[in-house]
Amino acid sequence: MSLLRSCQSFVAKYGSAAVAVAKGVLEIVAPGSGTLVKMAGKALDAAGKAAEKMAESEWKNELRGILGVSDAELNRIGEMIDLLAGPLANLCEQAYVFKDQLDEMPDVLARVLAKDPSLSEALHGIEGIKSQCDGFADDLRHIAHNQAEALPLYGRMHRVCDYFDELHAAGVKPRDFAHYVIQHHEILAKIRRGETAHLDDALMDVRRGVPRSASVAILEAAVAVREFDYRGADRALGRAARLKLEDWQLMEISRQVTKLATGTDEVKVTTGGTAKKRRLQPGDVLDGWTLVACLGAGGWGQVFQATRGGETKAVKIMHPDLAADEGFVTRFKQEIGNLFRLPRHPNLVRIHTDGFGKCEMHKTWYLAMEYVEGPTLEAYL
């Protein structure tokens with residue numbers, strides 16, 4: 001369906017409340033995208049005022065002038081309206097019922113979300129549209145207040161669909177689910193306004209309720225970055241990265257914040273730029289070691305269970321894009337030297353005698369250690 005017809009159909013269904021309905025739903029499922037919400041609202045308003053037989057091209061030209069956006073942005077608005085009218089229709093219908101009770105709307109919509117895990121795909125669709133819009137990037141820059149290195153982190157902070165998935169995976173009860181979704185939304189709103197001084201209690205509440213939520217850790221990191229506490233952000237992102245081992249974008253943000261926290265050099269993170277070197281994954285071979293499973297990861301390296309010649313070891317591997325950094329390589333060598341100097345003890349992990357060095361094929365440094373079966377320290381605690 002064309003953008004004009006989609007908007008007109010939505011307006012026909014909800015009448016004068018169409019803009020309020022769209023805004024109410026989008027502010028819950030796509031927080032932090034104020035510019036995008038305004039554009040969708042103006043598109044609906046313009047569709048409601050359009051002449052009955054107005055040509056699509058004529059209306060689009062008029063709307064383009066009102067919004068000051070490209071055709072690509074208009075298409076994204078159309079995709080968003082289609083999601084509101086389709087997979088998210090139940091949310092819109094509830095928003096329409098409570099259009100005159102705005103204070104109740106977040107709670108009502110959160111409860112609808114809690115009862116329908118199938119909405120996850122639509123939420124991710126909204127996030128995909130949002131992340132591609134120029135207006136969303138402008139919103140992030142406004143939030144970051146010239147903290148260029150924080151822009152990717154703020155992008156992650158707004159992905160409420162990740163939190164939605166985590167709550168369902170944790171089996172959170174519907175009533176508690178609604179409570180946590182609303183708190184998550186309120187924390188985002190306060191970060192956006194720069195009100196980060198008194199968020200500790202709210203963050204602790206959601207963290208206690210969902211202790212294995214990477215999204216909550218990202219919120220904590222965002223608050224820390226907003227207050228220029230890069231060490232605090234580093235700790236929070238390290239926790240998030242450990243909870244989402246396969247999330248390479250999160251790993252990269254964690255690495256950048258680690259650099260800021262340790263003061264190794266000045267780093268500027270952008271959302272574009274050159275392609276990153278490929279990170280090693282299970283199945284890869286490193287100097288004869290076959291990587292079986294990823295055991296953990298941090299700001300500058302990963303640890304894999306690996307096999308070679310019938311023996312199993314834990315292999316610590318530096319991120320390839322850090323291997324060219326002399327400072328990191330020097331610290332890695334110092335760590336190896338310190339470990340070798342430690343006396344043997346049953347509570348100390350043993351180092352493989354010839355299991356360290358630089359893999360020329362993958363252009364990275366590694367260290368092979370004794371592999372110990374058991375839970376992680378985080379899981380044990």
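## Basis

The model is predicted: local features need pLDDT of at least 70, side-chain atom pairs count only at pLDDT 80 or more, and totals for chains, interfaces and linings use all residues. Residues are numbered from 1 along each chain as its sequence is written, and side-chain values use heavy atoms, with hydrogens and water left out.

## Cavities

Rolling a probe the size of a water molecule over the atoms shows where empty space is left. A cavity here is a set of points, on a 1 Å grid over the protein atoms alone, where a 1.4 Å probe fits but cannot get out; lining residues have an atom within 4 Å of a point. Grid points are joined across faces, edges and corners, and a volume is the space filled by probe spheres set on the points. The count comes to two cavities of 30 Å³ or more.

The largest cavity has a volume of about 40 Å³. Leu113, Leu123, Val160, Tyr163, Phe164 and Val181 line it. Six of these residues are nonpolar, none polar and none charged. (Ala, Val, Leu, Ile, Met, Phe, Trp, Tyr, Cys and Pro count as nonpolar, Asp, Glu, Lys and Arg as charged, and the others, Gly among them, as polar.) Helix H11 (residues 160-169) gives the largest share of this lining, three residues. Helices (H or I, at least four residues) are DSSP runs, numbered from the N terminus.

The second largest cavity has a volume of about 30 Å³. Its lining is Arg207, Pro211, Ser213, Val216, Ala217, Glu220, Arg239 and Leu243. Helix H14 (214-226) and helix H15 (230-243) each give two or more residues. H14 gives the most, with three. By class, this lining has four nonpolar, one polar and three charged residues.

## Aromatic pairs

Rings of Phe, Tyr and Trp (its six-membered ring) pair if their centres lie within 6.5 Å; planes under 30 degrees apart count as stacked, over 60 as edge-to-face and the rest as tilted. There are four aromatic pairs. Phe10 and Tyr14 form a tilted one, 4.9 Å centre to centre with 55° between the planes. Both lie in helix H1 (residues 3-14), four residues apart, about one turn of the helix.

Tyr14 also pairs with Tyr96, again tilted, at 5.5 Å and 50°. Tyr14 lies in helix H1 and Tyr96 in helix H6 (residues 89-97), so this pair ties together parts 82 residues apart in sequence. Phe10, Tyr14 and Tyr96 form one aromatic cluster.

Key
On a 1 Å grid over the protein atoms alone, a cavity is a set of points where a 1.4 Å probe fits but cannot get out, and a pocket is an open set with protein on both sides within 12 Å along at least five of seven lines; lining residues have an atom within 4 Å of a point.
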